[in-house]
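Visitor: I've got a few "how do you know that" questions about this model. Can we go through them with the structure open?

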Amino acid sequence: MAYNLKEEMNKEERFHSGHRLCAGCGAGIVCRAMMRAVDPEDRAVICNATGCLEVSSFQYPYTAWEDSYIHTAFENASATASGVEAAYRVMKRKGRLAEDEHVKILAIGGDGGTYDIGFQSLSGAFERGHDFTYFCYDNNAYMNTGTQRSSATPRFASATTTPAGTESVGKKQVQKDLTRIMVAHGSPYVAQTTLFGTMKDFHEKAHRAIYTEGPTFVNVLTPCPRGWQYPADELIDICKAAIDTCVWPLYEVVDGEYRLTYEPKKKLPVEEFMSKQGRFRHCFKPGNEWTIEAAQEYVDRKWEELLALCK
Amino acid sequence: MSIRERMSGNEAIATAMRQINPDVFAMFPITPSTEIPQYFAQYVADGRVDTEFICVESEHSSLSACLGAEAAGCRAVTATSSAGLSYMNEVLYVAGSLRLPVVLAVACRALTGPININHDYSDSLAARDSGFIQLYAENNQEVYDNYLMAHRIAEHPDVRLPLMVCEDGFITSHAIENIELEEDALVRAFVGQYRPENYLLKKENPLAVGPYGVSAYYMEARVAQAQAMKNAKRVILEVAADFEAHFGRSYSFFESYRMEDAEIAMVLMGSSAGTAKACVDELRESGVKAGLIKLRVFRPFPGEELAEALKSCKAVAVLDKSEGFSAMGGPLFAETASACINLDKRPKMIEIVYGLGGRDFTVDAARSVYERLERIASTGEIGEVYTHMGQRE
C-alpha cells in the first residue's frame, strides 16, 4: 500500500504530547513515527534504555506511551527486550496469549545506550535471534548528561569531553559504523534513515523492520538542538543536509543485500551540513580549513564504499 | 511419598526448577553455579520442561532478561556466583525497585582479589542491601526446600520482591549427599502458578514499568519497598508452616541448636553449622552449656527474633564468612550486634572472620571459639572484639 502522509497522520497517536523532550529534539519525532509504523490492530512493548527519552517520556506518574513500556537500565534494553520476547513466545506456547494476538517488541536507545554501553547486550540479542526491532536514535553524543562524546560522535565535533580549544579541533576519531556492524550480525533487515520530508523513508523502513521476523535494526540520525547547537526550527533542514551531503546515507540491507534508498541529485559539500551547527563552528576558523577537507575525504570514502556495496 | 535420592546441591536446585517448570530461564555460566543451567539445558533437550531457555552473553543480561520476562507476566529464574553476582549488581537493585519476583540461585563463592573459585559469602553478602530476600542453607536438602518455598515468598502480593536461594559453593553445590525429594505433582501444587495482576503483555491494560522517579516520588517508592521487606518476614513463616504441613520439614528464620539453656553461643550461616553442631554435641557431653544459631534468612534480617534467642547468653561469637573491610567486622556481626543493642542485658559479643576463599572450618576451630567464649563468660573480659581465624600467621 502506497504511503499516504494524511492517512498516517490520521492514525491515533501512540506517543503523546506532554512529554518533556526539548523543542527541536528529534527523539519525539522518532517515537511518534515508530509507533505509526506498528499496525493499529497490533500491540507493542517498548523497551527503552536510560537516556533523554526515558526521563522525558515516563516521569512518574505520567507516561507519553500508549503501549506497554519498560525501562530497567542504560546498557540492557536489548537484554530486557530478549526477556520480553521470550515471555511472549512461552505465553503463546502455553496458551496464556491467544494465537491471533500480535505484540511487536521494540527496543529504543540513544547512541550511548546502543553504540557504546549497550553494545554487548545488543550484539548478544542479535546473535540469539530474538524477534524484535531495535531503533537507535543516534544524536551523536551522550546528550542526557550534557553532550559528552560517544563512539557515534563524528570527527571534529566539539563535545564537552572533546571540546574545541587552542590545541583541539574537537573529537579526534571518526564515528563507529554501527549500521554495518549490525549487518555483520546477519540480521534479516538493517536500515539507516533520518527525519525529513513526509517521513516516508522512515515509515517504510520502520514498518519493514517491525514486520520482518528476527532481530532487525533501524539507525536514525536524530539531531539534538542542545548538543549540535542549532535553532529548534532547523531540525529537518539539518537532516536533509545530512543526506544530501552523504554524511548520513540512506540505505537498507535485506538479508545481506545492500540497497541505496536515496541518492542526492547533487551531492553537496560537507560544509552544508557542518555550517548549520555550532559544534563544528571551530572548523570554519582560519587555519582549520584542513578539518573540512578531512571530513569531506572521509565522507567521500565511506560513500564510495557504500555505492560499491549497493552494486 | 518423599523420594530418597542422592545428589549435589546444584542438581537439587535444578531438580526443583524442573519440577516448578518456570516460564523463562536466562543463563550465563560461572563456577560453581554452572551445573544448574547445564542440568536444566538437558531437561529442555529431553522435553521434561517447556521453559524458554535463553543463553545470554553476560550476567548483567541474564538478570535483565529475567526482568523483561517477569514484567511481561512470566516466572523467570537464573543462577550465578561470585563475579557474576557482582556484574549483576546494578540490575539487582532494579529488580527490587521494580518489585519483580525473580528467583536467583547463588552458589556462593569468594570475590576476586586474588581470583578464587571456592566458598565464602563475599558475593551474596555484598548484595545484601539490593532489595533481594536471601535464604541460606546448611546442606542440599535445605537448598532444595528453600527453592520450593522461594517463588511463593517472592511472588506473594504483600511481598513482590526478588529472592536469592543461596548455597555454599562446592561444599554444598558439588558435594553429593542424601536428599528427600518430593513428587513433581505435589511440588507443582505447592508452588502454584505465577499470575500477576498487571503485566506488559496483558491485553486489557497496557503497563508502564521503570519510571523516572523525581524527589517528589522516589522516597514513597523506597518506603513501599521497605514495607514489602518487612511483610516478607510474616510471609516466610506462613510459607514455612504450609511447607511443613505438606512435606513435614520445619523451617524458620534460623535454627536454634541446643540453645534452651545455652550460656555461650555461635551465630553463623550455611554448611559450617554441621561442623559446629558436632562441636556443640561434644561440649554438651562434657557439661558445657554451648549452643548455636544457624541463620537461614539474612534478608529480611530477623533482628527481634535473634535478639530474643541470644538474650540469655553470657557470650556470643558471630562467625562471618565475608570480610566486610569495615575495620570492625563482617556484615553478619554488624547486623547481629545492632539487633541486640536494645536488650536490657546483652551478651558480650565477638566477631570472627573465617573460611574465606574456601579455607577449611573444623571441629577443632569451632572448639577454640567456644573456649574463647567460656573465658569471656567467666571473666567478663572480651579482649579483641574482631579477629580472623584459620589464616597463616
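Visitor: How do you know that the span of helix α4 of chain A agrees with its number of residues?

Guide: Keep in mind that this is a predicted model. Helix α4 of chain A covers residues 77–93, and at 1.5 Å a residue its 17 residues should span 24 Å. The end C-alpha atoms are 24 Å apart, so the two values agree. Just after α4(A), Gly95(A) takes a positive phi of about 80°.

Visitor: What makes α4(A) largely enclosed or largely open?

Guide: A residue is called buried if 20 or more other C-beta atoms lie within 10 Å of its own. In α4(A), 14 of the 17 residues are buried, so the rest of the structure largely encloses this helix.

Visitor: Which element gives the most to the side of chain A that touches chain B?

Guide: The contact takes 39 residues from chain A and 38 residues from chain B. On the chain A side, α4(A) gives the most, with 13 residues. By class, that side has 19 nonpolar, 12 polar and eight charged residues.

Visitor: Over in chain B, why is α9(B) called oblique to α12(B)?

Guide: The axes of α9(B) (residues 272–285) and α12(B) (residues 363–379) come within 8 Å and cross at roughly 60°. Roughly perpendicular starts at 65 degrees and roughly parallel means under 35, so α9(B) counts as oblique to α12(B). The crossing is right-handed.

Visitor: Which residues of α9(B) meet α12(B)?

Guide: Thr275(B), Ala276(B), Ala278(B), Cys279(B) and Leu283(B) do, and they meet Val363(B), Ala366(B), Arg367(B) and Tyr370(B) of α12(B). By class, that's seven nonpolar, one polar and one charged residues.

Conventions:
Residues numbered from 1 in each chain as written. Chains lettered and ligands numbered in written order. Predicted model: local features only at pLDDT ≥ 70, side-chain atom pairs only at ≥ 80, totals over all residues. Helix = DSSP H or I, 4+ residues; strand = E, 2+ residues; numbered from the N terminus. Expected span 1.5 Å × (residues − 1). Buried ≥ 20, exposed ≤ 12 C-beta atoms within 10 Å, placed from the backbone. Axes fitted to C-alpha atoms, helices over the stretch in contact; angles between N-to-C directions. Parallel < 35°, antiparallel > 145°, perpendicular 65-115°, else oblique. Left-handed = near helix turned anticlockwise from the far one by under 90°. Contact = placed C-beta atoms within 7 Å. Nonpolar A, V, L, I, M, F, W, Y, C, P; charged D, E, K, R; others polar.
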